[in-house]
Amino acid sequence: MAWFQTRWAFEESRHGQAFREYLIRSGLRSEAEVEALEASVFANAWTLPFETSGKMACYGALQEGATYTAYKLQEDKARCAGDSVLEAIFHLVGRDEAAHGGFYRAMIQLELAQDRRATIADLADVLSCFKMPGDGLITNYQQRLRNSGAGISARVFIERVVGPLLITLQISRQEFKQALKTRAMGTPKHPASSDASGSSCGRPALRSVQG
Ligand SMILES: [Fe+2]
């Protein structure tokens, strides 16, 4: 896990560097504008949304899947616009995101083998509270996505991220819906779920999926 975190942090920072270089070299943004954005982002610390590694694996699988999907759409847009450089950037960065998502899916599969009911309850809990890491860190995050069209809709998130994840994990929709229902009813969690976070976000499901 430690090696994954190290490699993951390096790859995500490399993505930021690639986008930074593209924006400056293309003239779309000045170096000062990019630096101002970076300063505002780095002024805040990111707090882990969940306290257990099991829930963070669920969060990672959903978040990386949403990021990959958003980048794939941007890659398609760049291709249509004839911007081969941006198309290549989104393709290569999206390939990393797909690999990250695969790692988290593998983690969830291990958790499922150990305690299926608790793991599905974790996934239901994470999905019910889900929002992207940038939401809350980046100023006017939702508005920026609306204006740029860079986000994905809740429908796309369900169809291209959540649905395929459940299929890969061999969790039936009925089984997952039951877990969501149990969570909504506030039924005490399975003892083995060891929910240290006591998470109860109270937000409606899928309030914000754009990434
Ligand atoms: Fe990633």
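Let's start with a pair of helices in this predicted model: helix H1 (residues 2-25) and helix H4 (residues 84-114) have axes that come within 11 Å and cross at roughly 165°. Angles over 145 degrees count as roughly antiparallel, and H1 and H4 are therefore roughly antiparallel to each other. The crossing in which H1 passes H4 is left-handed. If you follow the contact along H1, you will meet residues including Phe-4, Trp-8, Glu-12, His-15, Phe-19 and Tyr-22, while H4 contributes, among them, Leu-86, Ile-89, Phe-90, Val-93, Glu-97, His-100 and Phe-103. By class, the residues of this contact of H1 with H4 divide into twelve nonpolar, three polar and five charged.

Distant parts of the chain are linked here, with Glu-12 in helix H1 and Glu-64 in helix H3 (residues 53-80), 52 residues apart. Are these two residues buried or exposed? Glu-64 has a relative accessible area of 1%, so it is buried. Glu-12 counts as partly exposed because its relative accessibility is 22%, and the cut-off for buried is under 20%.

While you are looking at H3, take a moment for Gln-63, which also has its place in that helix. Gln-63 has a relative accessibility of 11% and therefore counts as buried. Leaving aside residues up to four places away in sequence, Gln-63 touches Phe-130, Met-132 and Pro-133.

H3 has another partner to show you. Helix H7 (residues 154-168) packs with H3 at an angle of about 130°, and their axes are 10 Å apart. H3 and H7 are therefore oblique to each other, and H3 passes H7 in a right-handed crossing. On the H3 side, the contact includes Ala-61, Leu-62, Gly-65, Ala-66 and Leu-73, and these residues belong to a set that meets Val-156, Phe-157, Arg-160, Val-161, Val-162 and Leu-165 in H7. Sorted by class, the contact of H3 with H7 has nine nonpolar, two polar and two charged residues.

Now move to helix H5 (residues 116-128) and helix H8 (residues 173-184), whose axes come within 9 Å and cross at roughly 70°. That angle makes H5 roughly perpendicular to H8. H5 passes H8 in a right-handed crossing. Arg-116, Ile-120, Leu-123, Ala-124, Asp-125, Leu-127 and Ser-128 are the H5 residues of this contact, and they meet Glu-175, Phe-176, Ala-179, Leu-180 and Arg-183 in H8. The residues of the contact of H5 with H8 divide into seven nonpolar, one polar and four charged.

Finally, step back to the whole protein. What are its elements, read from the N terminus on? They run α-α-α-α-α-α-α-α, for a protein of eight helices and zero strands. Of the 211 residues in the protein, 36% are buried. Among contacts with a separation of 6 or more, 82% come from residues 24 or more positions apart.

Note on methods: Residues numbered from 1 in each chain as written. Predicted model: local features only at pLDDT ≥ 70, side-chain atom pairs only at ≥ 80, totals over all residues. Heavy atoms only, no water. Axes fitted to C-alpha atoms, helices over the stretch in contact; angles between N-to-C directions. Helix = DSSP H or I, 4+ residues; strand = E, 2+ residues; numbered from the N terminus. Parallel < 35°, antiparallel > 145°, perpendicular 65-115°, else oblique. Left-handed = near helix turned anticlockwise from the far one by under 90°. Contact = heavy atoms within 4.5 Å. Nonpolar A, V, L, I, M, F, W, Y, C, P; charged D, E, K, R; others polar. Buried < 20%, exposed > 50% of the residue type's maximum accessible area, 1.4 Å probe, protein only.
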